[in-house]
Amino acid sequence: MSDRESLHFINGEYTAGSSGLTFENRCPVDGSLIGLVHEGKREEVDAAVSAARAALKGPWGRMSVEERVRMLYRVADGITARFDEFLEAECLDTGKPKSLASHIDIPRGAANFKVFADVIRNVPTEGFFLETPDGAGAQNYGVRTPKGVIGVISPWNLPLLLMTWKVGPALACGNTVVVKPSEETPLTTTLLGEVMNDAGVPRGVFNVVHGFGPDSAGAFLTEHPGVDAITFTGETRTGTAIMKAAAEGVRDVSFELGGKNPAIVFADCDMDKAIEGTMRSVFANCGQVCLGTERVFVERPVFDEFVARLKAGAEGLKLGRPEDETVNMGPLISKEHQQKVLGYYKLAKDLGATVVIGGGVPDMPDDLKDGAWVEPTIWTGLGDDSAVMREEIFGPCCHITPFDEEEEVIARANDTVYGLASAVWTENMSRGHRVAAQIDCGICWVNSWFLRDLRTAFGGTKQSGIGREGGVHSLEFYTELRNVCVKL
Ligand code: NAD
């Protein structure tokens with residue numbers, strides 16, 4: 001039991017705001033109360049956006065790139081210095097194993113500031129010499145300027161990592177931000193305010209307003225005319241609502257949305273690697289990873305072997321508390337999400353799926369009974385057109401289906417409205433390159449999963465997103481590129 005209160009962070013100070021509204025933040029491990037979260041309405045969003053606008057004209061706006069870069073390094077070091085606090089907070093909010101968050105969420109949260117500081121320090125801009133009839137010519141060159149106030153709306157599955165993935169490049173480019181973290185996971189974003197102050201980041205550069213989406217801080221932020229651009233990670237349905245809000249004032253959006261990602265396992269794969277990678281891509285973070293696999297296609301000669309080995313892997317998963325070092329799977333984020341995932345578990349059965357393993361709520365010890373637990377689950381036997389194969393479930397589950405031909409499996413993998421990530425398992429590299437080129441997605445891994453180089457483009461096609469972030473690609477969204485043409 002903890003009594004952590006989540007306050008807004010506006011203009012460098014923590015505040016409860018004036019709405020007088022709070023909501024409960026509960027731990028998904030056992031349902032215990034973590035603390036109250038203050039809900040921001042229009043007034044809090046107004047105050048945060050005003051602070052962010054003013055900060056653009058203050059010391060932050062006049063700072064050299066080198067000074068900004070050094071400051072972002074201090075922010076990254078500040079997260080690392082308080083590693084255990086961030087880890088504790090992230091695991092309380094999400095219930096994920098500490099062994100996972102200590103390797104991924106918190107280090108990546110810090111790295112996101114350094115990577116984009118390095119990008120902005122080193123990135124060149126284009127230059128063109130134009131020949132003119134008088135023979136003197138003209139020199140063109142690009143200048144990048146910050147876009148202004150960026151609205152950041154982030155999800156709950158990798159709270160610190162995905163929020164800093166946006167705040168890092170936004171600040172590196174000289175913008176200011178107002179963040180609306182997920183209502184499920186307010187703690188690490190709140191804590192980051194202290195790190196910003198300690199690093200000397202001027203007031204108003206980084207602001208946080210808590211709350212929900214519709215009729216709450218999320219909607220008020222995205223509708224706010226003082227916000228110049230909106231970067232959002234979350235569900236495709238929410239992206240649609242935010243895009244409508246952004247249309248007013250013709251504001252730019254960057255969207256990282258849902259997926260229904262395929263894995264394709266060819267008979268010539270290294271089966272040990274394919275099983276290890278698919279175990280992670282299906283069950284890591286209790287299946288709540290946007291890049292995770294929910295559709296597995298396996299070439300018929302190795303289908304039975306693959307199903308048996310993935311089942312054995314799932315049987316070996318240990319569910320439990322974040323601090324237990326032997327645990328490799330936590331609960332889902334909330335009771336509400338548990339009901340959604342269990343709805344798909346029931347639907348799969350009703351549709352006649354063969355339940356290879358799982359399909360229900362695990363028998364947990366008494367002290368964990370109120371947590372949002374579900375069993376790791378594998379199905380076979382459903383058609384490609386069933387809802388279980390078409391809709392994003394966002395739980396620790398996958399459906400495995402056999403295929404016979406390369407062309408056939410590419411068509412089936414692409415038969416979805418989504419296009420975020422994919423994984424191809426084969427030892428035939430010609431095939432690996434060939435298939436990777438034909439899958440509609442933003443990221444295709446061949447013989448790996450979640451191997452991320454932060455300099456590379458990240459994003460989705462179709463309904464999985466708009467735009468690319470990562471490395472220099474983030475500059476396309478977080479800066480305006482102005483061309484200066486000088487007649488000589
Ligand atoms: P969500 O869309 O429910 O919520 C995300 C954020 O949007 C939250 O902060 C929420 O309060 C806010 N929000 C909700 N409605 C809003 C509105 N009308 N206006 C403004 N803000 C609003 O998503 P979630 O459940 O937190 O996260 C899970 C989803 O995120 C999954 O679909 C997953 O695939 C996706 N995701 C995508 C990526 C990616 O990189 N593509 C990464 C992680 C998660």
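With which residues is Ile 150 in contact, leaving aside its neighbours within four places in sequence? In this predicted model, local features are considered at a pLDDT of at least 70 and side-chain atom pairs at a pLDDT of 80 or more, whereas totals for chains, interfaces and linings use all residues. Residues are numbered from 1 along each chain as its sequence is written.

Ile 150 belongs to strand E7, helices (H or I, at least four residues) and strands (E, at least two) being DSSP runs numbered from the N terminus. Its contacts, defined by C-beta atoms that are placed from the backbone and lie within 7 Å, are with Ala 170, Asn 175, Val 177, Asp 228, Ala 229, Thr 231 and Tyr 478. Ile 150 counts as buried because it has 27 C-beta neighbours inside 10 Å, where the classes are buried for 20 or more other C-beta atoms within 10 Å, exposed for 12 or fewer, and partly exposed in between. Ile 150 and Val 49 are 101 residues apart in sequence, and their C-alpha atoms are 9.1 Å apart in space. Val 177, one of the contacts of Ile 150, itself touches Ala 52, Ile 150, Val 152, Val 167, Ala 170, Leu 171, Phe 206 and Asn 207 when neighbours within four places in sequence are left aside.

Val 177 is also one of the residues that touch the most other members of the largest nonpolar core, together with Val 178, Ile 264 and Val 265. This core comprises 138 residues, a nonpolar core being a set of buried Ala, Val, Leu, Ile, Met, Phe, Trp, Tyr and Cys residues joined through C-beta atoms within 7 Å. Helix H7 (residues 159-172) gives the most to the core, with 9 residues. The core lies between domain 1 and domain 2, because both domains give residues to it.

The domain assignment, automatic or taken from a database, divides the protein chain into domain 1 (8-257 + 462-487) and domain 2 (261-446). The C-alpha centres of the two domains lie 31 Å apart, and their contact takes 20 residues from domain 1 and 27 residues from domain 2. On the side of domain 1 that touches domain 2, helix H4 (83-94) and helix H5 (98-101) are the elements that give two or more residues, and H5 gives the most, with 3 residues. The residues of this side divide into 6 nonpolar, 8 polar and 6 charged, with Ala, Val, Leu, Ile, Met, Phe, Trp, Tyr, Cys and Pro counted as nonpolar, Asp, Glu, Lys and Arg as charged, and the others, Gly among them, as polar.

Both domains also take part in the shell around the ligand, which draws at least three residues from each of domain 1 and domain 2. The ligand is surrounded by 32 residues, of which Gly 213, Gly 218, Gly 234, Glu 256 and Cys 290 are the closest; a residue is near the molecule if its C-beta atom, placed from the backbone, lies within 6 Å of it. Helix H9 (217-223) and helix H10 (236-247) each supply at least two residues of this shell, whose residues divide into 13 nonpolar, 14 polar and 5 charged.

Glu 256 is listed for "active site" in the unreviewed UniProt entry, whose positions are given in the numbering used here, with shortened feature names and annotations that may be inferred rather than shown by experiment. Glu 256 lies in strand E11 (residues 252-256) and is buried, with 27 other C-beta atoms within 10 Å. Its contacts, not counting residues up to four places away in sequence, are Thr 233, Cys 290, Gly 459, Gly 460 and Gly 465. Thr 233 is likewise touched by Pro 155, as are Leu 162, Ser 182 and Gly 234 under the same exclusion of residues up to four places away in sequence. Pro 155 is found in the loop between strand E7 (149-153) and H7 and counts as buried, with 21 C-beta neighbours inside 10 Å.

Positive phi values in residues other than glycine are found at Asn 11, near 55 degrees, and at Lys 462, about 45 degrees. Asn 11 lies in the loop between strand E1 (8-10) and strand E2 (13-15) and is partly exposed, with 19 other C-beta atoms within 10 Å. Lys 462 is found in the loop between strand E18 (443-446) and strand E19 (465-466) and is partly exposed, with 17 other C-beta atoms within 10 Å.

Note on methods
Contact = placed C-beta atoms within 7 Å.
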